[in-house]
Amino acid sequence: MATQICDSSSVTRVRDARGPARRFKHILIAVFMTAPVLAHAADCPREGTLGTSRTLVVDTKESPRVGLKSFPHTLALEDKEVVLTFDDGPLPATTNKILTALAAECVQATFFIVGRNAQSYPQILKAEIKAGHTIGNHTWSHQMLDHLDETHALEEINKGFAADDAALGALKPATAQFFRFPYFASTPALLDNLQSRGVVVFGADLWASDWLPMTPQQELELLTQRLSQVRKGIILLHDTKIHTAAMLPAFLRYLKTNGYKVVHVVPAPLKAASAAPAGNSLAANAPQGHTGN
Ligand SMILES: [Zn+2]
């Protein structure tokens, strides 16, 4: 079942982001006034920043599918631990702002890339890897895969992986892969296929509904309200959204001020992933152009 996320044209206004946003305005203004003009991940760790508290290796053998919005299991996070994920990029106008905000707070995130965007903006993918972020794939052209036959759905997946690999070139890490279905529109057959290849499928535990039109203040209020209720989890955001890029510095400050910790998820080393049962290895199932190494 597809979940209505990302660029949905059928929903035109925010129903749940209303309410008193005034108190967030001063947070946003303060962040904009004090944020450094340039911030580099190479300067991290840096005192006073949110930082990345720990790295969590996610292996398909133990966690083939994570995210309570779609699956019964999620990552083993402690109370007040969050994982930041961004979908649909890269897009220069917004993704670069996201990267600057993350670097300013020495935070590592995961980007689920749309392959055709990677082909258009390979330098941004390289910047993400160089800053220590994790790259996952989000198909070639962001179609609803449960509306395609399996052959075409696999082409969308494989072409997406291949585009990311081509964009990264020699920077491509020797790890297994992360993947997120557009609109969370998975099928049992595609999930089985990805698991057999050592690919971890990410859902999400909470989101900011940032595919809806909203102001940065509304998004900040909605996201912090939701986070305060569940207190931890995989957070879905979109690095293609102007309001998310504008909101992120204040959200990272909120996490710091309220004692949250950011966990950086990374795929397992390729050797471990390829130790799957015979005939089920990543290499045996690697799509054309995506050998996994
Ligand atoms: Zn998406």
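Buried means under 20% relative accessible area, exposed means over 50%, and partly exposed is what falls in between. I wrote that down before opening the model, which is a predicted one.

**Entry: the disulfide**

I looked for disulfides and found one in the structure. I noted that a disulfide is a covalent bond between the sulfur atoms of two cysteines. Here the partners are Cys44 and Cys106, with an S to S distance of 2.0 Å. I then looked up where the two cysteines sit, and the pair links distant parts of the chain, 62 residues apart. Cys44 is in the loop between helix H1 (22–34) and strand S1 (54–58). Cys106 is in the loop between helix H2 (92–104) and strand S4 (110–113). I also took the angle about the S-S bond, which is -85°, and the link is left-handed.

**Entry: accessibility of the two cysteines**

Is Cys44 buried or exposed, or does it fall in between? I found a relative accessible area of 24% for Cys44, so this residue counts as partly exposed. For Cys106 I found 6%, and because buried means under 20%, Cys106 is buried.

**Entry: cis peptide bonds**

One joins Cys44 and Pro45, with omega at about 0°. Pro45 lies in the loop between H1 and S1. The other cis bond runs from Gly89 to Pro90, and its omega is near 0°. I placed Pro90 in the loop between strand S3 (81–87) and H2.

**Entry: positive phi**

Which values of phi did I find for Asp88 and Cys106? I kept in mind that most residues other than glycine have a negative phi. Asp88 has a positive phi, near 85°, and is not a glycine.

How values were computed. Residues are numbered from 1 along each chain as its sequence is written. This is a predicted model: local features need pLDDT of at least 70, side-chain atom pairs count only at pLDDT 80 or more; totals for chains, interfaces and linings use all residues. Side-chain values use heavy atoms; hydrogens and water are left out. A disulfide is a pair of cysteine sulfur atoms within 2.5 Å. Helices (H or I, at least four residues) and strands (E, at least two) are DSSP runs, numbered from the N terminus. Buried means under 20% relative accessible area, exposed over 50%, partly exposed in between (1.4 Å probe, protein chains only).
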